[in-house]
Amino acid sequence: MAIQWYPGHMHKAQKEVREIFNQVDVFIEVLDARIPFSSQNPLIEEIRQDKPTIKILSKTDLADPKITDLWQAHMEQQSSVKTLAFNTQNADKRDQLLSLIKKMVPEKVNSVKTIHALIIGIPNVGKSTLINSITGRTIAKTGNEPAVTKNQQRIKLEENITLIDTPGMLWPNIENENSGYRLAITGGIKETAFELPDIASYAAEYFLQAYPEEIKQRFNLTTLPETDMELLEDIGKQRGCLRGGGRVDLDKVSRILIMEYRDNVIGNLSLETPEMIVEEWAQVEIQRKLKEEKKQAREELKKQRRARHKKNKR
């Protein structure tokens, strides 16, 4: 699945983050707790280098709590990283966040110098909801559509702590195809960027493997289908998503599965674990190596052709 969605304001946001890098004391990256790796922008990881970072796992009320715990432990293996779980049900995280910011930059706590904390995250990850929660007022516009925030803004949290907000930033190429699917399932990418049945098929396959009991219970299945398409067919028949001749309307049933997942009516289901990502990234590295070898082979052929052409001209 090729995903290409990189609006101009996201390019501008990335440029602005690089320009103010030296002013930033702490990075605050907001991640979707259901997909902590896939919602992590690799460009941000490159930009922040080894600066202190707080990774906030948002929407934890939609994720599998056991998997969220695994992710927090995994991320905090980095000495410069701390994590904080956040959701709209227990939204009062202001004191915890301020305390963490101060712990990450102890040399400025009793100083007259302002601590600048840059808050970043991909579109629709819950960044604006978090900002409104910790400030106690509506400062950032929220919505279910990706790419709501368009411009950078500065918000004073305390006398010597300023929060710098940026637009959500996607990156031009999603190397791990699985991450592309997960972003689409959770709503991190606009629906115009993918085919819904393709996304629903991926989700169905994963749910059958990772959360079979939740699927059986939600869709009143006596036996569990063996394949993703069989599951979509069963749900479609049960929900009356039929066309002429009794055929299942794949678009309709796909929307049902994806929207019921996003609305948390199936259950608290996470889409990735640290162990899964290690395996997938190993495959990405293999693909990178193959691509580089092909590139080198093409360059060598060009070099040989130029040499032959030069020889024939003599």
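Q: Helices (H or I, at least four residues) and strands (E, at least two) are DSSP runs, numbered from the N terminus. How many helices and strands does the protein chain have?
A: The chain has eleven helices and six strands. This is a predicted model: local features need pLDDT of at least 70, side-chain atom pairs count only at pLDDT 80 or more, and totals for chains, interfaces and linings use all residues. Residues are numbered from 1 along each chain as its sequence is written, and side-chain values use heavy atoms, with hydrogens and water left out.

Q: What share of the protein chain counts as buried?
A: Buried means under 20% relative accessible area, exposed over 50%, partly exposed in between (1.4 Å probe, protein chains only). Here 49% of the 314 residues are buried.

Q: What sits at the start of helix 10, and what follows helix 10?
A: At the start, look for a polar contact: N or O atoms within 3.5 Å, one able to donate a hydrogen and the other to accept it within protein; residues adjacent in sequence count only if both atoms are side-chain atoms. A side-chain oxygen of aspartate 249 comes to within 3.1 Å of the backbone nitrogen of aspartate 251. After the helix comes asparagine 264, with a positive phi near 65°.

Q: Which residues of helix 10 are buried, and what do they pack against?
A: An α-helix has 3.6 residues a turn, so residues three or four places apart point the same way. The buried set is Val253, Ser254, Leu257, Ile258, Glu260, Tyr261 and Arg262. They pack against helix 6 (177-186), helix 7 (196-210), helix 8 (212-218) and helix 9 (228-238).

Q: At what angle do helix 9 and helix 10 pack?
A: Axes are lines fitted to C-alpha atoms, for helices over the stretch in contact; angles run from 0 to 180 degrees between N-to-C directions. Under 35 is roughly parallel, over 145 roughly antiparallel, 65 to 115 roughly perpendicular, the rest oblique. The angle is about 95°, with the axes 9 Å apart. Helix 9 and helix 10 are therefore roughly perpendicular.

Q: Which residues of helix 6 and helix 10 meet?
A: Contact means heavy atoms within 4.5 Å. Ala184, Ile185 and Thr186 in helix 6 meet Ile258, Tyr261 and Arg262 in helix 10. The axes come within 9 Å and cross at roughly 80°.
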